[in-house]
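Here are my notes for a first reading. Please keep the model open as you go through the points.

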Amino acid sequence: MAYPKPVFSPASPTSPPSLEPTPAPSRPSILSELGRRAAAVAATTLPPLVTLLVILGVWQAIVGESYTGLPSPKQVWLESKELILNPFYDNGGVDKGLFWHVATSLQRVGIGFSISAVVGVLLGVFVGSNRWAHRSLDPIFQVLRTVPPLAWLPISLAAFHQAQPSALFVIFITAIWPIIINTAVGVRNIPSDYVNVAKVLRLSPVEYFFKILLPATTPYIFTGLRIGIGMSWLAIVASEMLLGGVGIGFFIWDQYNASRISDILVGLAWVGLTGFFLDRLVALVGHVVSRGSAAS
């Protein structure tokens, strides 16, 4: 039996590997990166600036040059130019620039809000994790949270007999309710899988709090903190109008008594910008702590 003779074809020559380095992927130039960032900043800042200019233009056109109670933007600048350009002066007593009034108010808000944050989170965890505590305390919290901040001021004055602790109590009692409610909602919405894993691993209450409960409820907690810091700022401004002393609320009320409406409008601008800064600050902390899962 004959077998076919194998046929061998010569191998085709292969070119040796190139010794030239592989070109690196092109990176965007510095100018293009700066242009991209400038475009992003412009897209964020230009719309509100244009809207503000339109509002000021309409305000100036409606009021005009005649003073009928509400000054025009031009009159505000002429009458309060020194107050706007020099917010850091301090002539002693209550004769201070707006920076010092706002700083004093922020100090009070920082103390009162910090206490309400700690107590509110602890109470929220207790109410959210205990069914009987939720049934007993939640209706009371829902009633108390509807009480206006200034309604607490006579109670605080009767209890503390001093302006400073009374203001701190008003901040505390105003800011604590959204913190408690949002924290309790977060605790009740912890996924059951997390709870089951904690039972399987036999975590202690302290380990469960820091490893399961706190990370799962952080977005809810910081939502309550953002609402609470805004309400704290509202409460301190209203309280200082009645308590007196150094503070942005007292400044606005004092300028009203002196019939300086332009200075009041400048003070209101400081109040709004400070409240915006506080909200963004708490939102930034929440974004960092929750690794981006907190509400923006």
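1. Start with one term. A residue is buried under 20% relative accessible area, exposed over 50%, and partly exposed in between (1.4 Å probe, protein chains only). At 18% relative accessibility, Asn182 therefore counts as buried. Asn182 lies in helix 7. Setting aside neighbours within four places in sequence, Asn182 touches Tyr220, Thr223, Gly224 and Ile227. Contact here means heavy atoms within 4.5 Å.

2. A word on the source. This is a predicted model, where local features need pLDDT of at least 70 and side-chain atom pairs count only at pLDDT 80 or more, while totals for chains, interfaces and linings use all residues. Residues are numbered from 1 along each chain as its sequence is written, and side-chain values use heavy atoms, with hydrogens and water left out.

3. The overall build. The protein chain has 11 helices and zero strands. Both are DSSP runs, numbered from the N terminus: helices are H or I with at least four residues, strands are E with at least two. Of the 296 residues, 32% count as buried. The chain exposes about 18,900 Å², and carbon and sulfur atoms supply 68% of that area. Accessible areas come from the Shrake-Rupley method with a 1.4 Å probe; for residues, only the protein chains shown count as cover. Take the contacts between residues at least 6 apart in sequence: 67% of them join residues at least 24 apart.

4. How do helix 5 and helix 7 pack? Helix 5 spans residues 131-144 and helix 7 spans residues 163-188; their angle is about 145°, with the axes 10 Å apart. Axes are lines fitted to C-alpha atoms, for helices over the stretch in contact, and angles run from 0 to 180 degrees between N-to-C directions. Helix 5 brings His134, Phe141, Gln142 and Leu144 to the contact, and helix 7 brings Trp177, Ile180, Ile181 and Arg188. These residues divide into five nonpolar, two polar and one charged. Ala, Val, Leu, Ile, Met, Phe, Trp, Tyr, Cys and Pro count as nonpolar; Asp, Glu, Lys and Arg as charged; the others, Gly among them, as polar.

5. Look at helix 10, residues 248-257. Its buried residues are Ile248, Gly249, Phe250, Phe251, Ile252 and Gln255. They pack against helix 3 (81-85), helix 4 (98-129), helix 9 and helix 11 (261-289). Just after helix 10, Ser259 takes a positive phi of about 60°.

6. Two loop residues deserve a look. His161 sits between helix 6 (153-160) and helix 7. Its phi is near 65°, a positive value in a residue other than glycine. Arg202 lies in the loop between helix 8 (192-201) and helix 9 (205-243). Arg202 is not a glycine either, yet its phi is positive, about 55°. Is His161 buried or exposed? His161 counts as exposed because its relative accessibility is 64%. Arg202 is exposed as well, at 75%.

7. Finally, the rings. The structure holds seven aromatic pairs. Rings of Phe, Tyr and Trp (its six-membered ring) pair if their centres lie within 6.5 Å; planes under 30 degrees apart are stacked, over 60 edge-to-face, and the rest tilted. Phe209 and Phe210 form an edge-to-face pair, 5.1 Å centre to centre, with 90° between the planes. Phe209 is partly exposed at 22%, while Phe210 is exposed at 51%. Elsewhere, Phe88, Phe99 and Trp100 form one aromatic cluster.
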